[in-house]
Amino acid sequence: MTKEEIAKQISKNLREQLTKKQGEFDKIICKHCNQNIPNPYTQIWLANEIGSTKAGVAHFFQAKRIPNIEKLVKIAHALDCSVSDLVKDLTYGVNNETIK
């Protein structure tokens, strides 16, 4: 895989995991104004959780950058998933083996 393909696959996996996390948020309605409370699990929330900037996280989601292993571990912890979930379906090596 090229660097660009790796970035795209990690971006796809990252979006899947954030969407899964967002799905855990039960819709809450404010008892005072009857408005929906917005889902707190956003890219800004993730940036704060991993000690990064919104722009830095946005680059991961846009496949412009590949997170280093430290960031992958922090992202996995914040999203309650494994690092394997974030790097699944990447191919590597001479035989293009796939990480599952």
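Helices (H or I, at least four residues) and strands (E, at least two) are taken as DSSP runs, numbered from the N terminus. In these terms, α3 is followed by Ala63, a residue whose phi is positive, near 60°.

The model is predicted, so that local features need pLDDT of at least 70 and side-chain atom pairs count only at pLDDT 80 or more, while totals for chains, interfaces and linings use all residues. Residues are numbered from 1 along each chain as its sequence is written, and side-chain values use heavy atoms, with hydrogens and water left out.

| Residue | Relative accessible area | Contacts beyond four places in sequence |
|---|---|---|
| Gln17 | 5%, buried | Leu79, Cys81, Asp85, Leu86 |
| Asn13 | 0%, buried | Asp85, Leu86, Val87, Lys88 |

A nonpolar core is a set of buried Ala, Val, Leu, Ile, Met, Phe, Trp, Tyr and Cys residues joined through side-chain atoms within 4.5 Å. The largest such core holds 19 residues, of which Leu14, Leu46, Ile75, Leu79 and Leu86 touch the most other members. Two or more residues are given to this core by each of α1, α2 (43-50), α3 (54-61), α4 (69-78) and α5 (83-87). Leu46, when its neighbours within four places in sequence are left aside, is in contact with Leu14, Val57, Phe61, Ala78 and Leu79.

Within α3, Gly56, Val57, Ala58, Phe60 and Phe61 are buried, and what covers the buried residues of this helix includes α1, α2 and α4.

Note on methods: Buried means under 20% relative accessible area, exposed over 50%, partly exposed in between (1.4 Å probe, protein chains only). Contact means heavy atoms within 4.5 Å.
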